[in-house]
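Colleague: Before I use these labels, I want to hear what stands behind each one. Can we go through them?

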Amino acid sequence: MTPQADAVLELFRETGAYLEGHFRLTSGLHSAEYLQCALVLRHPAAAEKLGRLLAAQLRAIVPSTPSVVVSPAMGGLIIGHEVARALGTPFLFTERDPETRKMVLRRGFTVQSGDSAVVVEDVITTGGSTRDVVEVLTESGAIVLGAGSIIDRSGGRAEVGVPRVALATLEVAAHYPEECPLCKQGIPAVKPGSRPA
């Protein structure tokens, strides 16, 4: 891991955001480790610092400053806002339609054809939420330049359709429930995130 990744993970530990136990992830997979970004981002100074660091990494992979930063609600809201502040751009977010479960822009948010965007998320495991946001933006005619997250739990393997960066990339074991060693031991799984699995 890079010194920056070590410092980011230490910030998670200091704020009680690095959890150990038996967790059911949004993806439906199970894991013995969980990074609860809300616990670190509740500290404004930490959120601002992580936003500046992620903005710097995004600047290194995108050809120009984007027109807008877009995040999926709920997890990406705070970090997306902080990245937008650091980049000096507006911030929008997508939400899942309660009936279709598809990601949509609501609340009067729009992007115009030709707008450039970056997508910012708190944690990527499979990349599903980020891919959903990329799809919403491209269907609206926007050009998605890249994506970023605080944490990449996929070991760098998650594909989102655009270049991607993360402040810390981890190789965290995640299992399907039927293969989960903690389930086999009878240890109940908890769902700590913002969306039902």
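What follows is a set of questions on the labels, each answered from its value and its cut-off.

Modeller: First, the ground rules. This is a predicted model, where local features need pLDDT of at least 70, side-chain atom pairs count only at pLDDT 80 or more, and totals for chains, interfaces and linings use all residues. Residues are numbered from 1 along each chain as its sequence is written, and side-chain values use heavy atoms, with hydrogens and water left out.

Colleague: Why are H1 and H3 called roughly antiparallel?

Modeller: The axes of H1 (residues 3–14) and H3 (residues 44–61) cross at roughly 155°. Axes are lines fitted to C-alpha atoms, for helices over the stretch in contact, and angles run from 0 to 180 degrees between N-to-C directions. Under 35 degrees is roughly parallel, over 145 roughly antiparallel, 65 to 115 roughly perpendicular, and the rest oblique. The angle of roughly 155° falls in the class over 145, so H1 and H3 are roughly antiparallel to each other.

Colleague: How close do the axes of H1 and H3 come, within how many Å? And which hand does the crossing have, left or right?

Modeller: The two axes come within 12 Å. H1 passes H3 in a left-handed crossing. Left-handed means the near helix is turned anticlockwise from the far one by less than a right angle; clockwise is right-handed.

Colleague: What makes a stretch a helix or a strand here?

Modeller: Both are DSSP runs, numbered from the N terminus: H or I with at least four residues for helices, E with at least two for strands. Val134, for one, is found in helix H5, residues 128–139.

Colleague: Is Val134 buried or exposed, and how do you know?

Modeller: Buried is under 20% relative accessible area, exposed over 50%, and partly exposed in between, with a 1.4 Å probe and protein chains only. Val134 has 10% relative accessibility, so Val134 counts as buried. Val134 and Gln57 are 77 residues apart in sequence and 19 Å apart in space, C-alpha to C-alpha.

Colleague: What makes Arg107 exposed?

Modeller: Its relative accessible area is 61%, against a cut-off of over 50%. So Arg107 is exposed. Arg107 lies in the loop between S5 and strand S6 (116–124). Its phi is near 55°, a positive value in a residue other than glycine.

Colleague: Why is Arg101 called partly exposed?

Modeller: Arg101 has 41% relative accessibility, so Arg101 counts as partly exposed. Arg101 sits in the loop between strand S4 (91–96) and strand S5 (103–105). Phi of Arg101 is near 65°, again positive in a residue other than glycine.

Colleague: What makes Thr125 partly exposed?

Modeller: The value for Thr125 is 22% relative accessibility, so Thr125 counts as partly exposed. Thr125 lies in the loop between S6 and H5. Thr125 and Ser27 are 98 residues apart in sequence, but 7.5 Å apart in space, C-alpha to C-alpha.

Colleague: Where does the peptide bond between Ala73 and Met74 stand, cis or trans?

Modeller: The bond joining Ala73 and Met74 is cis, with omega about 10°. Met74 is in the loop between strand S3 (68–72) and helix H4 (77–87).
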